[in-house]
Amino acid sequence: MQPLPSDHLTPSCTLSVLRHSFADTMGQPPVSVPYSPPSACPSPWSHVVLQLDAASQGDQYDRIAAIWLGGAEIIRTSTPEPTQSGIFWKVRKDVTKYSTLLSRTNLTLSMMLENLINDVFTGVYHVNVTLFFYEARIPSQRGNMIRKLGFETPISHSLDLLYEKEKPADLIIPISDQGNQGFWYRIQDESDVRSKEIQLLMNARRVVLELYVSFHGNDEFWYSNPPDIYIETNNLTTKRGNGAFREVFVRIDGSVVASVVPIPVIFTGGINPLFWEPVVGIGAFDLPSYDFDLTPFLGSLLDRKSHRFELGVVNAIQFWLVDANLHVWLDHESSHSEAKLVVHRPPEVHQSFEWEFEKLDGSFGVEAKRRSVFSGWVASSFGNMSTSVVREIKFKNLIKFEGNGTYKRVQQKVKTKMEVRIESESGELVSQTKLKMKYPLVVITSTIPRSEQGTYLMTTNVSQSLEEKFTSRAVASSVVNVQESGGWMLVKDHSVLSGTADTWQSFSYQDPSSCYSRNIEATRGQLLRDDSTTTCPSVWQNWHDKFSRTR
């Protein structure tokens, strides 16, 4: 939704890496092609941009897709649902942080997009993937620097922001599957924990784990799932249960080192498909990844032994797609780094559940809090640096059923805070950075059965937003992305017979030296408004004042 910082530059090289029509690919392995960087403009690059151009025509469900390079995921996306007259779309993502992979020759680039073709579902997804390499340097303005480090999409929250001067990692180690059905792990339930053994090089000086995650099947709308007791008591046939709290976790050798409640991305077939024509839900085209600084754990990892990195989902039901990349920075002036884990306080668990229901009406509430503190030092040619990481998560979810279960309201609030401090051996503060996020969601549905068997009228409203605030000693920036949708549809079985929908979206990015905002309105599948500007001081002032009061 926001222009990339390289958009005003001319690429030094353009490389078409994949062109494929995804037809009847359900259950098939990903499409794979050989990859080598363009010889005309070798690394290093100031920017590398991945562009996915796609088109489809006919009837089809929305599909999840991902691209991996050398087994490491570099983008996760989803498709819109096509129409009989045909649609096309474009996704652009800055993938500069994967430069260490992009600069290697003889790698394999793979794309997974499972699709089904039959007499009913006729839409084939035609995809073209291109990489743009930029050698030119962007002017050193703070606003441009912030966008370079993570704000090129509506969802950023990348730890790249926490190291403004850091180059891309020297190594990227995938924590992923073998690739027969994509390189993501297909997690079926809470007990389904996937892992990979990794031995780090002894001169590692910084480690960040990047986590990709999406939710599907019975857990696609996990935030609206009632507890099993409600389903069993009312003899319901739905398998969408197990309550409304989910948390993706990362463990090393059985010990929890990170966790996140994922942003509730709504795909283009979700809630009401008419909402997402031609606007898509926040994050649906470029699903967020979540970064965790694991540098404090180098004291345990630098022992010339392999360690088990584990990925899982609390309360999960079928099914979740999860994998990760381990970004590793090396000390090129030394063959060995000294390190020690000093403080290890894994996420403290505070959960509460409240529910009350009679037959199909009732309410179900869940609250959870997490706080983790990790710190450790690493001695390298850069000096003896201590890194401390503090993460907090606050989660609230309330589901209400009324009208004999025909009216449902879901309200969820998630707040996260992350602080990373780096100090020298003498105690001097080298860096202090903070990232605050809020991503609330409200979903209201009202269902009225019609006389024809299997047909019902559904009125739907969705309100979702992502608010983000980054601060350091040198810079500050904010992202506010708000989306409101409302409408109705007449449904028979799983087909939308008719209906109307309206969607309004407002996106703003702001830092002390630059600004970008865009407002969109759509109704009945047509854009009524699409305005953008680089002048929005009121948004910055309101955001700055709001967060100043809460600090």
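Predicted model: local features only at pLDDT ≥ 70, side-chain atom pairs only at ≥ 80, totals over all residues.

**Stop one: an enclosed strand**

Start with residues 64-69, which make up strand β4. Six of its six residues are buried, so β4 is largely enclosed by the rest of the structure. Show the side chains next: I64, A66 and W68 point one way, while A65, I67 and L69 point the other way. In a regular strand, side chains alternate between the two faces of the sheet.

Now bring in the partners of β4. Which way does strand β5 run relative to β4? The two are antiparallel, and six bridges join β4 to β5 (residues 72-78). Within that pairing, look for W68 opposite E73 in β5. The hairpin of β4 and β5 has two residues between the strands, and G70 there takes a positive phi near 60°.

Most residues other than glycine have a negative phi, and most peptide bonds are trans.

Jump to the loop between β14 (255-260) and β15 (289-293), where P278 is found. The peptide bond from E277 to P278 is cis, with omega near 0°.

Next, move to the loop between β16 (307-314) and β17 (320-330), which holds F319. The bond leading from Q318 into F319 is cis too, with omega near -10°. N315 lies in the loop between β16 and β17 as well. N315 isn't a glycine, yet has a positive phi of about 70°. Is N315 buried or exposed? Its relative accessibility is 18%, so N315 counts as buried.

One more of this kind: N404, in the loop between β21 and β22, has a positive phi of about 60° although it is not a glycine.

Click on K417 in strand β22: at 41% relative accessibility, K417 counts as partly exposed.

**Last stop: S514**

Finish at S514, in strand β28 (residues 514-523). At 16% relative accessibility, S514 counts as buried. Draw a distance to T535: the C-alpha atoms of S514 and T535 are separated by 8.2 Å, with the residues 21 apart along the chain.

Definitions and conventions. Residues numbered from 1 in each chain as written. Heavy atoms only, no water. Helix = DSSP H or I, 4+ residues; strand = E, 2+ residues; numbered from the N terminus. Buried < 20%, exposed > 50% of the residue type's maximum accessible area, 1.4 Å probe, protein only. Pairing = 2+ DSSP bridges.
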